[in-house]
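Dear colleague,

Please find below the structure that I am handing over to you.

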Amino acid sequence: MKMAILNPNWIVGFVDGDGHFGISNDSKRFYFVVSQDQRSVNVLYAIKQFFKCGSVHKAGKNMIEYKVSSKKHLENIIIPFFQKWPLQTSKKKSFEIFVKKFLKVCKPTLNFEFIENSNFSLDWFRGFIDAEGCFVCSILNQTIRPQFIIGLNAIDKSILDKIQKNLKIGVRYKKKNGIEVFQLSSNQNMCHFAKSVLLTKGFKDHLKTYKRIRARKWCRIVFLMEQKKHKTIDGFNKIQKLYKSF
């Protein structure tokens, strides 16, 4: 699937979920990495095309990564990008530590200012969904329960609060294992979410990774339930078929 040029906010959201800023033990090598299941390799090539640097290669069984390790490219492309388009999760702190050590080793006389970004962008959220969102559905005793879930470590609870506040839908809670959760389970809320966040007005995908295929099936289940089709034999069978294809 050939992609259009990526939106910077989408990239930030995606990196907030699946990006990593790494430093070797001797603090001499620095790298920026985004890893994905091999089914989403096109996304990594689109990121490479956006930044016009780095490489895409295998990183273990069924995994692919986009990596930038050139100090020149980190200094002139990657670091300035995330200065202009700030991260919003705990990755922001990781990035700041990365930059401070990078400048100390590579550019000790260069000053670098970190800026805050309190805005909420749907493009950022879509990128974050592509990284961290989970589309689930269960069928138990003829009861169909689709849900959308994002679960994060406690350090990132504030970003889930921000998502709920800006969407004005969903619930927030903490699991016994300490994981913070944002969840949609109301059919009305899920329909609104599908139409305003996941799909274009022409019902095409906003998501870009392989996750978009599962999301599309999830949306079909939600829309069938909105139309009360799940109460008919034919509609229930359609939903069951979609559910099994998850």
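Strand S6 (residues 143-152) pairs with S5 in the antiparallel sense, over seven bridges. Strands and helices here are DSSP runs numbered from the N terminus, with at least two residues (E) for a strand and at least four (H or I) for a helix; two strands pair if DSSP finds at least two bridges between them. Within this pair, Phe135 stands opposite Phe148 in S6.

Please note that the model is predicted: local features need pLDDT of at least 70, side-chain atom pairs count only at pLDDT 80 or more, and totals for chains, interfaces and linings use all residues. Residues are numbered from 1 along each chain as its sequence is written, and side-chain values use heavy atoms, with hydrogens and water left out.

S5 and S6 belong to an open sheet of four strands, which has the order S5-S6-S8-S7 and antiparallel pairing. Its edge strands, each pairing on one side only, are S5 (134-140) and S7 (171-174). From one strand to the next, the twist averages 30 degrees. Angles run from 0 to 180 degrees between N-to-C directions, and axes are lines fitted to C-alpha atoms, for helices over the stretch in contact.

Two helices pack on this sheet. Helix H8 (residues 211-226) touches S5 and S6, and its direction makes about 140 degrees with that of S6. Helix H9 (residues 233-244) also touches S5 and S6, and its direction makes about 130 degrees with that of S5. Contact means heavy atoms within 4.5 Å.

A further helix pair deserves attention. The axes of helix H5 (residues 122-132) and helix H7 (residues 187-198) come within 11 Å and cross at roughly 110 degrees. H5 and H7 are therefore roughly perpendicular to each other, a term that covers angles of 65 to 115 degrees. H5 contributes Leu122, Phe125, Arg126 and Ile129 to the contact, while H7 contributes Phe193, Ser196, Val197 and Leu198.

Finally, the domain assignment of the protein chain gives domain 1 (8-106) and domain 2 (122-245); such bounds come from an automatic or database assignment. The centres of the two domains, taken over C-alpha atoms, are separated by 28 Å. Their contact takes 15 residues from domain 1 and 15 residues from domain 2.

Yours sincerely

Terms used: Parallel < 35°, antiparallel > 145°, perpendicular 65-115°, else oblique.
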